[in-house]
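Please look over the sequence and the structure shown here before reading on. The briefing that follows is arranged by topic.

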Amino acid sequence: MTTEQQEEYLAKPPSACCFTGSLHSGTPRGRVEDILELPTYISHPAEGKGNGNIILYFPDVWGLSNNAQLLMDGYAAAGYLVLGLDYFRGDPISKYRATRNDPPPPGFDHPAWLAKHFAFAEAHVEPWTAAVREKFGTPTTRYGVVGCCFGAPFVCQLLATDDVSAGAFAHPARVKEEHFVSLKRELGT
């Protein structure tokens, strides 16, 4: 990517800092189920503790990692049904690293890996979201969207529709000014 192309981003594409770190440990409570033939982590609130609302989670480059699943379980513990999309389809960055702190192996084409998965995610977030709404939603269900790093643009994409109530992202990547211009709903960071 040229310097000129990078400057159009308010938040740059994922870089070295995105590929390290782990915050949670434990055993996830949810399960993975296919929605539109896309692996989706689903975490339900405890029996009788649900608030009737849904959070859609868009992960970072680590995909539906143990860390991401535990984070989604935390949202479920607060009363939400949480669904996380694996737009990497079993090809997260962890496939190419011995540990979270190791660099990718020699010859790994990081830009090609990112481009392939970003293009796939761009094409599948909206249909996946529609399928989730049809399968799990009710006329009174409210939707929130949460994204980390790689998932931030998809939070903005959905906040530009009338389909969600609010959203938030952390450590955003690939976010441009155009993402903010069309927002119709609240965004937190």
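Histidine 117 touches Tyr87, Phe88, Arg89, Asp91 and Phe150, where residues up to four places away in sequence are not counted and contact means heavy atoms within 4.5 Å. This is a predicted model, in which local features need pLDDT of at least 70 and side-chain atom pairs count only at pLDDT 80 or more, while totals for chains, interfaces and linings use all residues. Residues are numbered from 1 along each chain as its sequence is written, and side-chain values use heavy atoms, with hydrogens and water left out.

**Histidine 117**
- Histidine 117 lies in helix H3 (residues 110-136); helices (H or I, at least four residues) and strands (E, at least two) are DSSP runs, numbered from the N terminus.
- Histidine 117 counts as buried because its relative accessibility is 1%, buried being under 20% relative accessible area, exposed over 50% and partly exposed in between (1.4 Å probe, protein chains only).

**Nonpolar cores**
- In the largest nonpolar core, which has 37 residues, those touching the most other members are Leu56, Phe58, Leu83, Tyr87, Trp128 and Phe150; such a core is a set of buried Ala, Val, Leu, Ile, Met, Phe, Trp, Tyr and Cys residues joined through side-chain atoms within 4.5 Å.
- At least two residues of this core come from each of E3, E4, E5, H3, strand E6 (143-148) and helix H4 (152-159), and H3 gives the largest share, 10 residues.
- Apart from this core lies another, of 10 residues, among them Tyr57, Ala68, Val82 and Cys148.

**Strand E6 and its partners**
- Six of the six residues of E6 are buried, with Tyr143, Val145 and Gly147 on one side and Gly144, Val146 and Cys148 on the other.
- E4 and E6 run parallel and are joined by five bridges, and leucine 56 stands opposite valine 145 in E6; two strands pair if DSSP finds at least two bridges between them.
- Five bridges also join E6 to strand E7 (residues 166-170), again in parallel, and here valine 146 stands opposite alanine 168 in E7.
- From E6 the chain crosses through H4 to E7 in a right-handed β-α-β crossover, meaning that, with the strands pointing away from the viewer, the path from the first strand over the helix to the second runs clockwise.

**Helix H2**
- The buried residues of H2 are Asn67, Ala68, Gln69, Leu70, Met72, Asp73 and Ala76, and what covers them includes strand E2 (31-35), strand E3 (38-43), strand E4 (54-58) and strand E5 (81-85).
- Glycine 79, which follows H2, has a positive phi, near 110 degrees.
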